[in-house]
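Me: I have a model open and would like to learn how to read it feature by feature. Could you walk me through it?

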Amino acid sequence: MISPAFASILAGGRAQFNARAAEARRRFPSLDMAAFGAFLHDGVDPLVAAVAAAAPERAGGATLAAYDMALELVGHGLAGPAAKNPFLNTVWRELAPSFAPLLATAPVDVLGMLSNAAIHIVSVAGARPTQWQAGMAAVAPQVGNVAQLRAVGQVLAWRAGVAHFRQGALAAADTLPPALALAAFGEPGAHWPQVHAQLMDYPWRGNAEGREFGSFTGLGGAFGTPPQVRATQDGFAVRSAGRHYLLVADAYGAVLHGATAQEFEQARSGVPADVRVEGSSVHIGARRIDLDVPAGDIAIAANAHTLAITSPWTHAIRLLPLA
């Protein structure tokens, strides 16, 4: 059963909705109407009911926008029971209703932004979609317009592991009211300029342990052979099994992009003077970190804020904050 509000809107515009469905079937010959019906029930109805409760006079327009977008998403196999990206179903069903006031005024923009974000964050290896969703739901009552929605979405995607969003997310956070920016970082009551300055200066803020990235491709990992690493300004150039990558990492996550052999050759392999390897331990100033690899042939590379450690005995890269 769908909600009375959705049922009423569908019944009142039956001819219009049927015409839209027929046009979609011409554009998407493989469109599964049963799957579309299931998505209407599970994904569209909750947000229509939320808009009808928040702004009943705008429920019809929001429903039409959601119906058209649902046809597109199901037609592309992105939504519905057999979706390539089941997380998108969850976002429509559970997260979108949290933004009912915005859906009432800008349904295409809001659903487009949430859908694109859901599709992208699932595509990033190591990202944490459920964390992003929970963060978005938590700040929803404070989001007053589409620009703010887009900005907090970027901030929370970064915090959920999309590490290469860092600079853009910090710029986006600066456009938000300070209270909303702090809420997006889970630091209500703090002083935003101070938090922003710390985040800009120290990518590992809040994570003193660093992280490990990568494993053998035969086990679903990224590297076919133990990787070699060199430092770049914002990350690390990586070579493994004849392929080259750029690794971007910080306190929230690590993301691997494609790169070229030239980029690897141009990267640097030096380290600060207070960093050294002794046996199977790495020393950063007075800190000592024992490594879970045999001594010998341990390689290190560092940029301004991060030390990367590799060994011929592992497909993983150990990343440690320098500060």
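Me: How many residues lie between strand 10 and strand 11 in their hairpin?

Reply: Six residues lie between strand 10 and strand 11 in that hairpin. A word on the source first: this is a predicted model, in which local features need pLDDT of at least 70 and side-chain atom pairs count only at pLDDT 80 or more, while totals for chains, interfaces and linings use all residues. Residues are numbered from 1 along each chain as its sequence is written, and side-chain values use heavy atoms, with hydrogens and water left out.

Me: Good to know. What counts as a strand or a helix, and how many of each does the protein have?

Reply: Helices (H or I, at least four residues) and strands (E, at least two) are DSSP runs, numbered from the N terminus. Here the protein has 13 helices and 11 strands. Its C-alpha atoms fill a box of roughly 75 × 45 × 30 Å, taken along the principal axes.

Me: Back to strand 10, then. In which sense does strand 10 pair with strand 11, and over how many bridges?

Reply: The general idea is that strands of a sheet pair through backbone hydrogen bonds, either parallel or antiparallel. Two strands are said to pair if DSSP finds at least two bridges between them. Strand 10 and strand 11 (residues 317-321) are antiparallel, with four bridges, and Thr-306 has Pro-321 as its bridge partner in strand 11. Strand 9 (residues 299-302) is also antiparallel to strand 10 and is joined to it by four bridges. In that pair, Ile-300 stands opposite Ile-309 of strand 10, and a hairpin of three residues links strand 9 to strand 10.

Me: Is strand 10 mostly covered or mostly open?

Reply: Burial is read from relative accessible area: buried means under 20%, exposed over 50%, and partly exposed in between (1.4 Å probe, protein chains only). Strand 10 (residues 306-310) is mostly covered, with five of its five residues buried. You can check this face by face: Thr-306, Ala-308 and Thr-310 are buried on one side, and Leu-307 and Ile-309 are buried on the other. Across the protein, 49% of the 323 residues count as buried.

Me: Which strands make up the open sheet of four, and in what order?

Reply: The order is 2-3-4-5, with antiparallel pairing. Strand 2 (228-231) and strand 5 (253-258) are at the edges with a single partner strand each, so one side of each has no neighbour in the sheet. Now walk across it. Strand 3 then pairs with strand 4 over five bridges, where Ala-237 stands opposite Leu-246. Two residues separate strand 3 and strand 4 in their hairpin, and Ala-241 in the turn has a positive phi of about 50°. Six bridges join strand 4 to strand 5, and Tyr-245 has Gly-258 as its bridge partner there.

Me: Why is strand 3 described as largely enclosed?

Reply: Four of the five residues of strand 3 (residues 236-240) are buried, so the rest of the structure largely encloses it.
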